[in-house]
Amino acid sequence: MPERLNRAMEHIERRLGQDLDVAELARVAGTSEYHLRRMFSALAGIPLSEYIRRRRLTLAGADVLAGRETLLDIAVRYGYGSGEAFARAFRAMHGIAPGEARRTGAALSSQSRMSFRLTVEGSSSMRYRVVDRAAFTVVGFRTRVPLVHTGPNQAIMDFVRGTDPRALERLEKLSDQEPHGVVAVCDGMDPSRAEGTELDYHHGVITSAAPPEGTTTLAVPAGTWAVFTTSGPVPRAIQELWREVFTEWFPSNPYRTRTGPEILRTRLSPDRTEADAELWLPVEPEHG
């Protein structure tokens, strides 16, 4: 996997002055467009689209300071349809307009080229299983929340606190399929997976029972799931599980993520400092 990601990184560098098709990048990496975006975001900490934008503006900044071409020529080369659009993007990254940067020789920001490598530590064995599931339904309560890459998601925390605990107790009794109990489900994420983009958050149960009045439903098609389990301090154990899944498990196993909801079941200790967690991710064979 690192070698294939690095081929995609080289492909990006060769085409920063051209239209970049993410589907073509995925072919270079030998995977799906969805999995490439998901893997890159998890490993690099920023969405793929943001990395490409920052790399283009890094090279554009060097061209602006060199002073050999007009600002419009530079804007067109890096995919901007007008000088105004280029100036807005340039200022957003570098904190200064391109014309002013050229006049003053200002110091600009830089996005370094990325490369990936797999570090084999062997310090722990990950607990996982791969299961094929028939179609199922999530019944519960839904809201729209922003995507947060690091730290707590305050919108989710506020939503869960505002949910009637008695309604959740009644829902939990309807749970009749894995993962059992109340689960957190994230669905409908923006393909870019950019910070602040919105997604559907469902707080409910997986059940074959009729949905109670006032609840929402999410129909999930049949498919294959990778199920990961962990135990430990909250929230560190869960955050480390996410990191290990994408930095260790996917590069070492013949699967890739597919479009679908991501499901987390958490069971807290009585003092709420420790948790048993089960993470369900939709997957498909890498060469299916």
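Student: Which loop holds R272?

Tutor: R272 sits in the loop between strand 8 and strand 9. Keep in mind that we're looking at a predicted model.

Student: What is phi like for R272?

Tutor: Start with the general idea: most residues other than glycine have a negative phi. Now the case here: R272 has a phi near 65°, a positive value, and R272 isn't glycine.

Student: Is R272 buried or exposed?

Tutor: The cut-off for exposed is over 50% relative accessible area. R272 has 60%, so R272 counts as exposed.

Student: And which peptide bond is cis?

Tutor: In general, most peptide bonds are trans. The bond from E178 to P179 is cis, with omega near -15°. You'll find P179 in the loop between helix 9 and strand 3.

Student: What is T58 in contact with, leaving aside its neighbours within four places in sequence?

Tutor: M93, S109, S110 and Q111. With Q111, look at the backbone nitrogen: it lies 2.8 Å from a polar atom of the T58 side chain.

Student: How many residues line the largest pocket?

Tutor: There are 49, and N153, I156, I238, W242 and L264 lie nearest the pocket's centre. Elements giving two or more residues to this lining include helix 8 (154-161), helix 10 (236-252) and strand 8 (262-268). The space in the largest pocket is about 2,100 Å³.

Student: How do the lining residues divide into nonpolar, polar and charged?

Tutor: You get 27 nonpolar, 11 polar and 11 charged.

Methods
Residues numbered from 1 in each chain as written. Predicted model: local features only at pLDDT ≥ 70, side-chain atom pairs only at ≥ 80, totals over all residues. Heavy atoms only, no water. 1 Å grid on protein atoms, 1.4 Å probe; cavity = no way out; pocket = protein on both sides within 12 Å on 5 of 7 lines; lining within 4 Å. Points joined across faces, edges and corners; volume = space filled by probe spheres on them. Helix = DSSP H or I, 4+ residues; strand = E, 2+ residues; numbered from the N terminus. Nonpolar A, V, L, I, M, F, W, Y, C, P; charged D, E, K, R; others polar. Buried < 20%, exposed > 50% of the residue type's maximum accessible area, 1.4 Å probe, protein only. Polar contact = N/O pair within 3.5 Å; in protein donor to acceptor, adjacent residues only side chain to side chain. Contact = heavy atoms within 4.5 Å.
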